[in-house]
Amino acid sequence: MNNKKNDIVVWIASILILAVIFLVLFLPSSNKSATASNHIDKNDIKAWENAVAESNYQQYLDSFPHGYYYSQAIDSIYKTDSLGWEWALRYNTANLYKEYLLRYPHGKHAVKANKYAIDLEVDSLALIATGEVPPSIDELADTYIDGTSRIYVANIMPYPVKIRFSGIESKEIFLNAIRQTNEDVKKYDDTIIILKKGMYRVVSTIQNGPSSKPFYSLRSYSEQPHYDEFFSVEFDFSKK
């Protein structure tokens, strides 16, 4: 009987010891985390209140890109097609135009949003590639003539690539990496893109591959049929 009582006492003592250890180890860190969290939340809340009062949700997103009210800020900006488009035009960034397209893929301004996003990406990528600001779309306006040009594009790289064409109209294409079908045959991913005749700013970037500078070139697509040429050692722009 005494042994049974002793076992119960030992069991209760063990539970109490474990409870004390838990309180000592976990409560202080929890309190510290709560204190830090409260501090961040107060700043976040204040920034959100200011954003709502001033209808400046972009300022909130700039200050708290991963903030507690991120979703509400985005939803407020893109509440309607018109509001989303107005906001994208106001701040004029590729990401905002893409967000508009994500929410309104068939919206009133989808075509313009797609073009503006590509144009802005070409601006920044060309600057990275050459260290110089590329010619603006307006500067190329006099180069466009009636008719279209068919451009054959093939990716001869072992990595996928994205190619952006920026001009009187703007398009982007994605090409898969070259594939080896057997010892002697290589399969290129290729396509034909049709553009209005004139000068275009063209940027190619490697996707899911080694880090590399973008490849930039100012291209004239005014000949028909389009003549053979290489965009670079990586990209082949030739007639089919």
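Predicted model: local features only at pLDDT ≥ 70, side-chain atom pairs only at ≥ 80, totals over all residues.
Beyond its neighbours within four places in sequence, Tyr-57 is in contact with Trp-48, Ala-51, Val-52, Ala-73, Ser-76, Ile-77 and Trp-87.

Return now to the largest nonpolar core, which comprises 23 residues. Highlight Trp-48, Tyr-57, Tyr-60 and Tyr-78, the members that touch the most other residues of this core. Colour the contributing helices next: at least two core residues come from each of H1 (2-54), H2 (57-63), H3 (70-77), H4 (81-91), H5 (94-103) and H6 (110-130). Of these, H5 gives the most, with 4 residues.

Keep H4 and H5 on display and hide the remainder. The two helices pack with their axes 8 Å apart, at an angle of about 165 degrees. Angles over 145 degrees count as roughly antiparallel, and H4 and H5 are therefore roughly antiparallel to each other. Their crossing is left-handed.

Finally, show the side chains where these helices meet. On the H4 side, select Asp-81, Gly-84, Trp-85, Trp-87, Ala-88, Leu-89 and Tyr-91; the residues they meet in H5 are Leu-96, Tyr-97 and Tyr-100. Coloured by class, this contact shows 8 nonpolar residues, 1 polar residue and 1 charged residue. Trp-87, part of this contact in H4, is also one of the residues in contact with Tyr-57, where the tour began.

Terms used
Residues numbered from 1 in each chain as written. Heavy atoms only, no water. Core = buried A, V, L, I, M, F, W, Y, C linked by side-chain atoms within 4.5 Å. Buried < 20%, exposed > 50% of the residue type's maximum accessible area, 1.4 Å probe, protein only. Contact = heavy atoms within 4.5 Å. Axes fitted to C-alpha atoms, helices over the stretch in contact; angles between N-to-C directions. Parallel < 35°, antiparallel > 145°, perpendicular 65-115°, else oblique. Left-handed = near helix turned anticlockwise from the far one by under 90°. Nonpolar A, V, L, I, M, F, W, Y, C, P; charged D, E, K, R; others polar.
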